[in-house]
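Q: Hi! Could you walk me through this structure while I have it open?

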Amino acid sequence: MGYLTMKSIHLTYKRFVIYTSSFATLIGLSAIVGWIVKFNILKSLLPGYMPMKFNTAICIIFLGTALLLKPKNNHSRRHVIKALSLLVVAFATLTLLQDVFNFNFGTDELFVPETPAENISGRINPITALFLIITGLAIFFNCTKKNRCKHTLQYLLHLVTIICGIISIGYLFNVPHFFNFTFITTMPLSTALALIALSAATTILNPGFGVVKLFTGKMIGNDMARKLTIKMFLGILLLGYLHNLDHRYNWVSPQLGSVLLTVSFMAITLIFIWESCTAINKLDHKKNIARENFRLGVESSPYALILSDANGKIIHANIQTEKLYGYTRQELAGQSLQIIIPKKLHDSYNERRQSFYVSNKVVTLGIEEDIFAVRKDGTEFPIELILTPVKTEEGSVVMASVSDISLRKQQEKIIRDQVIELQVKNQELEHVNYIASHDLQEPLRTVSNYITLLEEDYPDQIKGEIKQHLYTMQAATNRMSLLIRSFLDYGKLGRNRKLGPTNCNDIVNDVVTDLNNLIKCSKATITVATELPVLYAYETELRLLFQNLINNAIKFRKKDATPHITIGCKELNGFFEFYVSDNGIGINCKDKDVIFHIFKRVKTEEEYEGHGIGLANCKKIADIHGGKIWVEPGAESGSTFKFTILNFKA
Ligand code: ADP
């Protein structure tokens with residue numbers, strides 16, 4: 001549609017409606033004030049002209065107000081607009097009926113008494129009444145959905161504008177025939193001007209109907225009409241007016257007057273033609289630049305772009321098409337698209353082509369299913385294809401944008417194979433890990449049993465240094481057994497994970513309860529600084545993560561200080577970022593990465609117990625939640641461990 005929609009009229013022509021209807025309302029108000037204070041100029045606008053009737057002024061104010069309410073057209077306003085316009089229609093119809101049936105309902109002197117001295121009756125003249133009815137009905141039906149009425153009323157409104165325009169010109173040129181309809185009555189200048197404003201504002205409410213569409217359309221012609229009409233009208237009016245004055249005051253001879261009028265008319269026309277030409281040429285230039293840019297864009301596109309008509313005949317192809325298919329453009333021009341489609345796919349191509357023309361929407365093929373094209377040498381290759389309906393001067397055509405995805409397909413296959421290989425290797429590794437850990441426990445258990453047997457069987461011999469050695473051996477086997485178990489647990493971590501809504505407040509409370517003994521002994525305080533979220537997570541694993549961090553925060557406390565631990569969380573770029581900060585011994589900057597490696601410890605076993613597996617577990621848990629874990633120095637002392645969990649719902 002080349003015309004502005006009702007929505008955009010509110011934006012673009014809202015001001016026009018407001019200005020013109022305010023103008024009409026002001027004229028009406030001025031007449032009413034004129035009648036009240038008995039000041040003629042206010043009634044007639046200019047001294048010596050006919051005054052506007054009181055009733056006409058009321059009707060004009062009603063219609064002007066209805067139009068002023070129109071731009072913000074909500075439900076309650078619509079009722080007021082309808083009521084105001086219907087009141088005017090009813091009142092004007094009553095007046096007309098009085099004229100037709102020569103009757104007096106007393107409405108004429110309803111507000112002001114008749115003034116026989118000036119030979120002025122209060123009755124609205126029949127032409128004005130008719131025009132008020134047309135405008136009132138047009139405003140009323142604009143609030144309804146009856147398009148047929150709107151069409152007819154739009155043309156009637158044009159008639160109102162034209163006749164009132166002629167009347168106003170009559171006044172300007174002082175030609176009574178134009179405003180004095182002796183067969184009916186005379187229309188005052190103020191009424192004519194107000195009716196021009198009201199009818200023009202009302203026609204704008206239906207931008208796609210009648211002559212208005214000439215001014216509201218989006219095409220270049222409409223743009224020209226908008227720019228030129230007012231200027232031309234004013235120019236011609238000025239010429240006519242000057243000619244009229246010349247005629248009245250005999251400035252120059254009639255012949256010279258005619259010549260001057262003709263010449264100035266020609267000059268003014270030339271100026272307007274010049275202006276239109278320049279504007280059209282500018283646009284044409286822009287169009288040529290746009291066309292050339294489009295051509296360059298098509299030629300430099302990394303895709304093969306092929307334009308084909310409704311019958312599937314190739315109209316144009318870019319240089320990339322030549323490279324991709326091995327045909328020259330001359331060879332392709334006029335050929336059916338089937339030339340670049342493998343024979344076995346011709347039937348399905350024809351079917352798709354039909355359905356594409358029916359739907360007339362952009363279609364992308366080759367993403368979920370494999371589609372193929374064929375080169376001049378007969379080799380087939382996978383493609384991704386986007387079909388776009390394009391409108392050109394020659395009619396509707398289709399632009400096919402083709403990309404060769406052979407490389408992508410190869411890479412996808414490599415990745416797929418590697419993923420399968422990795423999965424198999426991973427399973428093998430897990431199996432080996434499990435078996436190895438299990439089998440390693442067995443000899444350890446044997447060594448441990450024999451140490452116990454030795455101690456039990458030879459109590460007299462095993463003493464002193466030997467006893468001490470055996471004790472060290474026992475401790476080493478126990479530690480080895482623990483390490484193997486931890487290693488086994490690390491391998492199992494997240495294997496049977498279950499994603500579900502997890503309340504982190506509950507998790508922290510549970511962990512605090514579990515660590516109750518340690519907390520009591522160390523007199524640790526744990527503060528949850530912010531409300532912790534309920535998020536989608538692997539609950540068991542998340543609990544282990546919190547447990548490790550809180551446990552470490554208490555374990556690695558300073559000897560002379562009670563541990564204070566603070567826990568909090570914030571949402572950040574699709575992640576939940578948690579922190580667990582303590583006032584403990586802190587971590588050297590150089591160790592901040594290494595502590596997350598399995599079996600890596602920074603403090604020796606003698607100082608703090610442990611196996612160096614806790615943080616490795618934490619890292620693995622953060623990983624399976626799509627996040628990461630790191631450590632920062634604490635605000636004053638100690639350290640702050642931070643980890644992120646992907647917000648699966650974001
Ligand atoms: P473990 O606690 O068994 O030593 P972890 O993997 O939990 O093993 O921790 C690895 C190392 O990181 C620890 O040995 C310790 O040096 C350091 N560490 C962990 N948490 C803290 C903490 N809150 N404060 C200071 N150092 C810490």
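Predicted model: local features only at pLDDT ≥ 70, side-chain atom pairs only at ≥ 80, totals over all residues.

**Strands, helices and salt bridges**

A: Happy to! Residues are numbered from 1 along each chain as its sequence is written, and side-chain values use heavy atoms, with hydrogens and water left out.

Q: Which strand pairs with β6 over 5 bridges, and in what sense?
A: That is strand β1 (residues 304-308), and β1 and β6 run antiparallel. Strands count as paired if DSSP finds at least two bridges between them. The elements themselves are DSSP runs numbered from the N terminus: helices are H or I with at least four residues, strands are E with at least two.

Q: And how many bridges does β5 make with β6?
A: Strand β5 (residues 380-392) pairs with β6 over 10 bridges, in the antiparallel sense. One example is P389, whose bridge partner in β6 is V398. A hairpin of 2 residues joins β5 to β6.

Q: Is β6 mostly covered or mostly open?
A: Mostly covered: strand β6 (residues 395-404) has 7 of its 10 residues buried. Buried means under 20% relative accessible area, exposed means over 50%, and partly exposed is in between, with a 1.4 Å probe and protein chains only.

Q: Switching topic, what is the strand order in the open sheet with 5 strands?
A: The order is β8-β10-β11-β13-β12, and the pairing is mixed. β8 (525-528) and β12 (629-633) are at the edges with a single partner strand each, so one side of each has no neighbour in the sheet. The average twist from one strand to the next is 20°.

Q: How do β8 and β10 pair?
A: β8 and strand β10 (residues 564-572) are parallel, with 4 bridges. Within that pairing, I526 has I565 in β10 as its bridge partner.

Q: Now helices. How do α20 and α21 cross?
A: The axes of helix α20 (residues 539-555) and helix α21 (residues 614-624) come within 9 Å and cross at roughly 145°. Axes here are lines fitted to C-alpha atoms, for helices over the stretch in contact, and angles run from 0 to 180 degrees between N-to-C directions. The crossing of α20 past α21 is left-handed, a label used if the near helix is turned anticlockwise from the far one by less than a right angle, with right-handed for clockwise.

Q: Which residues meet there?
A: From α20 you have E541, L542, L544, L545, N548, L549 and N552, and from α21 you have G614, L615, N617, C618, I621, A622 and I624. Contact means heavy atoms within 4.5 Å. By class, this α20 and α21 contact has 9 nonpolar, 4 polar and 1 charged residues. Ala, Val, Leu, Ile, Met, Phe, Trp, Tyr, Cys and Pro count as nonpolar, Asp, Glu, Lys and Arg as charged, and the others, Gly among them, as polar.

Q: How many salt bridges does the structure hold?
A: There are 21 salt bridges, each a side-chain nitrogen of Lys or Arg within 4 Å of a carboxyl oxygen of Asp or Glu. D370, E384, R408, K409 and E412 are linked in a network of them.

Q: What about R543 and E539, how far apart are the closest N and O atoms?
A: The closest N and O atoms are 2.9 Å apart in that salt bridge. R543 and E539 are about one helical turn from each other, because they are 4 residues apart in helix α20. R543 is partly exposed at 22% relative accessibility, and E539 is partly exposed at 34%.

Q: Which parts of the chain does the K376 and E331 pair link?
A: First the pair itself: K376 and E331 form a salt bridge with an N to O distance of 2.9 Å. The two residues come from distant parts of the chain, 45 residues apart, with K376 in the loop between β4 (371-374) and β5, and E331 in helix α14 (residues 329-332). K376 is partly exposed at 45% relative accessibility, as is E331 at 32%.

Q: Last one: what does S336 touch?
A: Leaving aside residues up to four places away in sequence, S336 touches G312, K313 and I314. S336 and I314 are 22 residues apart in sequence, with 6.0 Å between their C-alpha atoms. S336 sits in the loop between α14 and α15 (346-359).
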